[in-house]
Amino acid sequence: MSKLFEPAQLKQLDLQNRVVMAPMTRARTSQPGNIPNPMMATYYQQRATAGLIISEATQISDESQGYSFTPGVYTDEHVAGWKTVTQAAKQRGAAMFCQLWHVGRVSHPSFQNGEQPIAPSALKPVETQVWIADENGNGNMVDCVEPRAMSQADIDRVVSDFAYAAKRAIEAGFDGVEIHGGNGYLIDQFLRTNSNHRTDHYGGTRQNRMRFLLEVVDAVSDAIGADKVGVRLAPFITFKDMNCPDIVPTILQASKELQARDIAYLHLSEADWDDAPVIPESFRLELREYFTNTIIVAGSYTQDRADEILEKGYADLVAFGRPFVANPDLVSRLKHQQPLQQLDGATLFGGDERGYTDYPEYG
């Protein structure tokens, strides 16, 4: 049998297999308030034959939002909504982590009470847009604006927001949290030289650019325990104006620091488009040398590619994104080599049950 379907251990958690449902923004929350709802509970429960589910990216505060209808995890209403989701997922055996998210400069004043978004430096991301919708779900892609450089008070507040949101996530029934440190959002913006022009102790050297990430990890670990903390990083993804020549060595150095903190896992977000750069084997070897706890990989993996990376020991769990959208029974389909359905791209973001909970299981 493929190693993909073997049980696995994630710190104190027993996983029913090595398949992970990757975090995917679907923008289906109830309004006002970006509240998780019963439709979302159905969606996650349908896919809960995965060993681990990582929730869609979830706001830690009002100011951390950059897209319409994405969920939060910091109010009583958020916690109550997520409880129905986590309970539904666990009924089918999946563990579930909440991905904690601050978008930084990838936002718009409409999400910020008319104010500028915050970021490490006052640098507008080139050719970067966010989705803004009205209460009926009719929306458009809108250009990001120039952000405001964060003060020390801003940094301290956001670190505290991550820790508070982590505690609320555990209260909501999640088994842990994943700190979103990739894909051009706030933590990634601190890590990269092209988005971080700071001259204080959060900018310049690799150690300084890593400081914000590590402060967040430490605060969240203090709040809920390092064994319940994962971190997602994206060294080879450069969209949202994030092409930094020093990001790969920075992330390798960060992986040493994360291993020293004994967090639950490191989640490597890989480019998933057709002509995406191939990750060098030397990087995978070096990452595995520095980070010996669980590594999750995500990025257009097939079962064959998953088997290969598991057998080589470069990863312990493999995450699947878009295949899980159209195939709620993805684990069974992969296991029995059944054909996969194609997703309807027009229904990915916003809307109702169509293209969300109405994809049928095989047969």
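**View 1. Ala 169 and the residues it touches.** Leaving out residues up to four places away in sequence, Ala 169 touches Val 73, Cys 98, Phe 174 and Val 177. The model shown here, as in every view below, is a predicted one. Ala 169 belongs to helix α3, which spans residues 152-171. Is Ala 169 buried or exposed? With a relative accessibility of 0%, Ala 169 counts as buried. For a sense of scale, look across to Ser 300: Ala 169 and Ser 300 are 131 residues apart along the chain, and their C-alpha atoms are separated by 28 Å.

**View 2. Leu 13 in strand β2.** Strand β2 covers residues 13-15, and Leu 13 lies in this strand. Leu 13 is buried because its relative accessible area, 13%, falls under 20%. Not counting residues up to four places away in sequence, Leu 13 touches Ala 8, Ala 95, Phe 97 and Asp 175. Gly 51 is 38 residues from Leu 13 along the chain, and the C-alpha atoms of the two are separated by 9.9 Å.

**View 3. The largest nonpolar core.** Welcome to a core of 88 residues, in which Phe 212 and Phe 320 touch the most other members. Which helix gives the most to this core? That is helix α5 (residues 206-224), with nine residues.

**View 4. A closer look at Phe 320.** Setting aside neighbours within four places in sequence, Phe 320 is in contact with Leu 4, Val 19, Val 20, Met 21 and Ala 22, among others. Also in contact with Phe 320 are Tyr 301, Thr 302, Ala 306, Leu 330 and Leu 334.

**View 5. The buried residues of helix α1.** Helix α1 runs over residues 38-46, and its buried residues include Met 39, Met 40, Ala 41, Tyr 43, Tyr 44 and Gln 46. Among the elements that cover these buried residues are strands β3 (19-21), β4 (52-54) and β6 (95-101), along with helices α2 (76-90) and α9 (322-326).

**View 6. Helix α1 meets helix α2.** The axes of α1 and α2 come within 8 Å and cross at roughly 25°. The two helices, α1 and α2, are therefore roughly parallel to each other, and their crossing is right-handed. Which residues meet here? From α1 come Met 40, Ala 41, Tyr 44 and Gln 45, and from α2 come Trp 82, Thr 84, Val 85, Ala 88 and Ala 89. Seven residues of this contact are nonpolar, two are polar and none is charged.

Conventions:
Residues numbered from 1 in each chain as written. Predicted model: local features only at pLDDT ≥ 70, side-chain atom pairs only at ≥ 80, totals over all residues. Heavy atoms only, no water. Helix = DSSP H or I, 4+ residues; strand = E, 2+ residues; numbered from the N terminus. Buried < 20%, exposed > 50% of the residue type's maximum accessible area, 1.4 Å probe, protein only. Contact = heavy atoms within 4.5 Å. Core = buried A, V, L, I, M, F, W, Y, C linked by side-chain atoms within 4.5 Å. Axes fitted to C-alpha atoms, helices over the stretch in contact; angles between N-to-C directions. Parallel < 35°, antiparallel > 145°, perpendicular 65-115°, else oblique. Left-handed = near helix turned anticlockwise from the far one by under 90°. Nonpolar A, V, L, I, M, F, W, Y, C, P; charged D, E, K, R; others polar.
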